[in-house]
Amino acid sequence: MGIAPPRLSVIEGGGRPRAFRQALEFASLGAGLTFIAVLLGRLPAWLHNLGAFQSLFALAFVFYGLALLRLERYAAIPHAALGVFAVALSTRIALLPAAPSLSGDIYRYVWEGRVVAHGGNPYRQSPLDPALAPLRDREIFPRLNHRELATIYPPLAVGGFALLARVAPSAGAFKLWVVLHDLALVMVLLAWAARRGQSPVTVLAYAWNPLVLVEYAGSGHNDPTALLWMALAFLWLDSRPIASAIALAAGALVKLAPLVALPFLLRRWPWRARLACLALQAAGLGWFWTETRGPSSGRSAYWGAWRNNELLFHYFEGMTGSYATARSLALALLVATIGYAWWRDRAPERATRLAVRSGTLLSPVVHPWYLGWELFFEPLAPSWPWLLLSLTAILNYGVLATPAAGRDFHLPLPWRWLEYGGPLALALLLAAARAARRSAPAGT
């Protein structure tokens, strides 16, 4: 009778200490990112302490970048979704105390909400309208941007502002409103990753991104209130197409950006869903277009003259000699890109990602928080050049020192070449490396 060999328990159990080390490393990076968020949240007036703010922002990217480099290592961690969400929650809470100084948009949200709550029409009345004089206080009104212009925001966004203004008309309440939407967005991204069969750790590409944190939880930009609807449109695309269609329509009535997904989702929806989406958008956006015409229209001013942090558009305008012609050229190139992606019958999320990237690069206005629309797609497959752009985009506020122009600062063209050129150089290097691997003889 043979004797059974003893079990090598030390070897067989070797995976458990390794998994523990991976989980500990993952938690440490999340804790480091949260600690930096706490420091940022305690830093007074980011714009007036720009060097300290940008240094902490860059340090946050170190923790974020290390986590991205180790995504495959963390994929097998038990309850990874909980860890991703816990860090997303803690970092956003840490940034809630930060006063919005880099941008005054949140004060405009509060103002528009107050105007509606008091029976006014923000589409026809600018903050300088004498009829709104009773609403001018010492906290919100002095911080308003473009006081000569009526609102730029679509109707569902203004409706949200009005709803919140009736409950708590303060910048802090509006920041909390944005953060709650952003956290809900992270939860939807986790559900979407599970449906695609991806590890939940991929979602940290959006959920932990420092630019997302400072622009939404820190400055209170309302993009997550539209991004959430677009995320639901993708999540429900196959299982609940009518709900998906309504969600995309809702997103476009908060911000216009989700419209780039429409051609690709229309192809996948059944006819009832198509009709629901198109009917809602026609009614809502038709009304919006009618209400935002005239010399004091924020939408007209944005479309007809605004520029900030542009690069390609700078050269389009130089070539054509006209802002309007350059705008038409950029729009034509975007439509061509969308048409190409539609003709190639790409997956809707991949096609929309391409459209968003093209729109970002072609636009005359590229505020840092606009990059959240591209970062939304990073969990699909992180792109190092675009992630690097989400780091260099912070130069839009100044270069390590508060600019004399304050919020009216526009980054000079040589610095914009650094902002965009670094990611472009990285993209070229990665493309060359891929080409070299494909051309290398087999077995080398």
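**Helix α21**

I looked up what the buried residues of α21 pack against: α16 (312-320), α18 (348-362) and α20 (384-392). Contact here means heavy atoms within 4.5 Å. The model is predicted, so local features need pLDDT of at least 70 and side-chain atom pairs 80 or more, while totals for chains, interfaces and linings use all residues. Numbering starts from 1 along each chain as its sequence is written, and side-chain values use heavy atoms, without hydrogens and water.

I noted R416, E419, Y420, G421 and P423 as buried in α21. Buried is under 20% relative accessible area, exposed is over 50%, and partly exposed is in between (1.4 Å probe, protein chains only).

I checked the length of α21, residues 413-439. Its 27 residues should span 39 Å at 1.5 Å a residue. That span is 1.5 Å times one less than the number of residues. The end C-alpha atoms are 37 Å apart, which agrees.

I found a kink of about 35° at G421, shortly before P423. The bend is the angle between axes fitted to the seven residues ending there and the seven starting there.

**R114**

I placed R114 in helix α6 (residues 105-117). Buried or exposed? R114 counts as buried because its relative accessibility is 13%. Leaving aside neighbours within four places in sequence, I listed L135, D137, I140, A165 and P169 in contact with R114.

**Helices α12 and α14**

I compared the axes of α12 (residues 241-252) and α14 (residues 271-291). They come within 8 Å and cross at roughly 20°. The residues of α12 that meet α14 include P241, I242 and A245. On the α14 side, R272, A273 and C277 are among them.

Terms used:
Helix = DSSP H or I, 4+ residues; strand = E, 2+ residues; numbered from the N terminus. Axes fitted to C-alpha atoms, helices over the stretch in contact; angles between N-to-C directions.
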